[in-house]
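I opened this entry to go through some backbone geometry.

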Number of protein chains: 2
Amino acid sequence: MSAVKTAALPNPFALWRGGSLPDAVIAYETWGTLNADRSNAILLFTGLSPTAHAASSPENRDPGWWEQMIGSGRAIDTDQYFVVCVNSLGSCFGSTGPASINPGTGKAWRLDFPEIAVEDLARSGWEVMASLGVEQLSAVVGPSLGGMVVVAFAACMPGKARRLISISGSAAASPFAIALRSVQREAVMSDPDWRGGQYPSNAQGPRAGMRIARKLGTITYRSADEWRNRFARAPLGEQGLRAVQKAQVKLPEGFGPRFAVEGYLEAQAERFVRIFDPNCYLYLSRAMDCFELSSHGEPSEVLRRAGLTSALVIGVESDFLFSIDEQAWIAGQLDKAGVQTEFAHLPCIEGHDAFLVDLPRFDAAIRRFLNA
Amino acid sequence: MSAVKTAALPNPFALWRGGSLPDAVIAYETWGTLNADRSNAILLFTGLSPTAHAASSPENRDPGWWEQMIGSGRAIDTDQYFVVCVNSLGSCFGSTGPASINPGTGKAWRLDFPEIAVEDLARSGWEVMASLGVEQLSAVVGPSLGGMVVVAFAACMPGKARRLISISGSAAASPFAIALRSVQREAVMSDPDWRGGQYPSNAQGPRAGMRIARKLGTITYRSADEWRNRFARAPLGEQGLRAVQKAQVKLPEGFGPRFAVEGYLEAQAERFVRIFDPNCYLYLSRAMDCFELSSHGEPSEVLRRAGLTSALVIGVESDFLFSIDEQAWIAGQLDKAGVQTEFAHLPCIEGHDAFLVDLPRFDAAIRRFLNA
């Protein structure tokens, strides 16, 4: 059973970098109840690849990607808040994206899909809330790409959120992160099965390229220290061996996986390749590169106009994709903007993905902030 | 004019992990003069990709990969030392490797080449020195892969070096570095033009895969901080645009290079693809994963048996491929082994490649050590 609902965007939906989308929709899930004065809504944006299924619900009992963070008595307490998680515009889990049907042609958009910006993700998320009768959010929250979207939300939707939680996000992609994503995209586009974006289906698409992109992604989402503790130099175990055997792309034995860490990459890659649309991946990846808060004006002035009362910025010391310095910069600009800002500087060793793994630290920081 | 000489290895040359090579040779270059008592020889191992051309000479006036470090009055002073740089066994610049002709078949070895180990690189380098009449090295030196080879040299060639300089090397590849190299190899092997190793020539080989491997390599050789200073979010400049236009693999405009940092990756990748043999790359890459000093015994005991009088270990704080902790560990084991050890902990921001860029710091450390 699905908990996914769909909201229609204003038609056409004008895009930040030009062009517009006809008949666009955003998929979302909700938890908790909107209160009488509609003041208890929290809007949650996701990272690059998740669906809107952030937590289980009576309609879908499968654990969500932030299961331990959202629910009755959890840090994001559904007894108190009406929580909405959106699948990003441009993604492939119910929201309009390059894999959706272009109503003008009756065929999938693919590379005819217009360029999307992080700003479009922010505004389309807001439109879901407006469709639900919300006039102002209690808080807008997001990790990773979602952390960027939250910053874009502050810039594009002044007055629409009282509080903001940006987790391991960025106000402007660093050249290091751009370089990594550039290599990931090239891996997808260099795969002959990408066919200039015209692959017949995911199963017949650029699987080899998507595997490489996701393996590299997985490396950048974790940290050398975590892996030293977790895998050390252990050989490929039974689980890893099974992942390698099930893999859709076979590598010659001498150069294929031998170490446990390689089996882990294998499992991550295969899972991703089965579910994520390659063109959607390219569009969202490029959108991340191009986001730049300062394109909206002097950053602290832009953030002052956002009308926030308070903000929480969470950064992780071992995150080398969205560095702790970038988080400190966002917190500094919010502070300069006169927003009461807390900067949680977490010593987790799990890198960028710590928000999915080191839940006690994130729970404590978010719970304290939302209850303040 | 070439300065490259060739030394024959003992025939057959037995390999560390089993098997042997018939008629194998090592290419090398030399600078300075071996003194009467043959006591002033320095053996230099390279990183993964360079040739033996570490510095210019009357026979080849092109600048070498460590031009500013080797020469008359330089840190490695050729007025004082007889310096020999070897092209690694398994590479493709004159030394025997997978691209060489297998004398048994008259055809290139390709994947029939036996597995090589970092230990084989160490021993084959020593054989060059023995062929030149050297009985003991004044110093064995190497950066990156060369830094690993130097550690292997200490383990495999006891009594053959009085001093050791290991720069940004490793005594055992970390799971993080293994993961990165695993993805690089997969990019090469997933390229249909690799043809299971049977590509007709580099120009008709897995260029797309090699580009990805080298771009990722380039990212891991530098640092986020350096690139923030150097490229920030500048758009692709004229030089970058030229690199993109000259590229052998064309990417669709919307998702191709837009930022200066992407133009830099492009230039690095194209240069590498033209010169480096893909199978050689795979063999050397895998050899790095598999090296483990402790497979030779308790590390400090192994290093004690090496008979070194002194050692210099150089690490770079911003190196995230061969971390400063790994360098500290090597220095610690040498110290425990009773070797007079200096650990130079350099604050360079250029990451793993700092030894090629931040020359004043490396010059000072190496000069002081060699003159002590």
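In which loop of chain A is A:P12 found? I placed A:P12 between β1 (5-8) and β2 (13-14) of that chain. The model is predicted, and I read every angle below with that in mind.

**Cis peptide bonds**

A:N11 and A:P12 are joined by a cis peptide bond, with omega about -5°.

I then turned to chain B. The bond from B:N11 to B:P12 is cis, and its omega is near -5°. B:P12 sits in the loop between β1 (5-8) and β2 (13-14) of chain B.

**Positive phi, chain A**

Next I checked A:D23. Its phi is positive, about 50°, although A:D23 is not a glycine. I located A:D23 in the loop between β3 (20-21) and β4 (25-31) of chain A.

How many C-beta neighbours does A:D23 have inside 10 Å? I noted 15, so A:D23 counts as partly exposed. The buried class would need 20 or more, and the exposed class 12 or fewer.

**Positive phi, chain B**

My last stop was B:S168. This residue, other than glycine, has a positive phi near 45°. I found B:S168 in the loop between β12 (163-167) and α3 (175-190) of chain B.

Is B:S168 buried or exposed? B:S168 is buried, because 32 other C-beta atoms lie within 10 Å. The cut-off for buried is 20 or more.

Key:
Residues numbered from 1 in each chain as written. Chains lettered and ligands numbered in written order. Predicted model: local features only at pLDDT ≥ 70, side-chain atom pairs only at ≥ 80, totals over all residues. Helix = DSSP H or I, 4+ residues; strand = E, 2+ residues; numbered from the N terminus.
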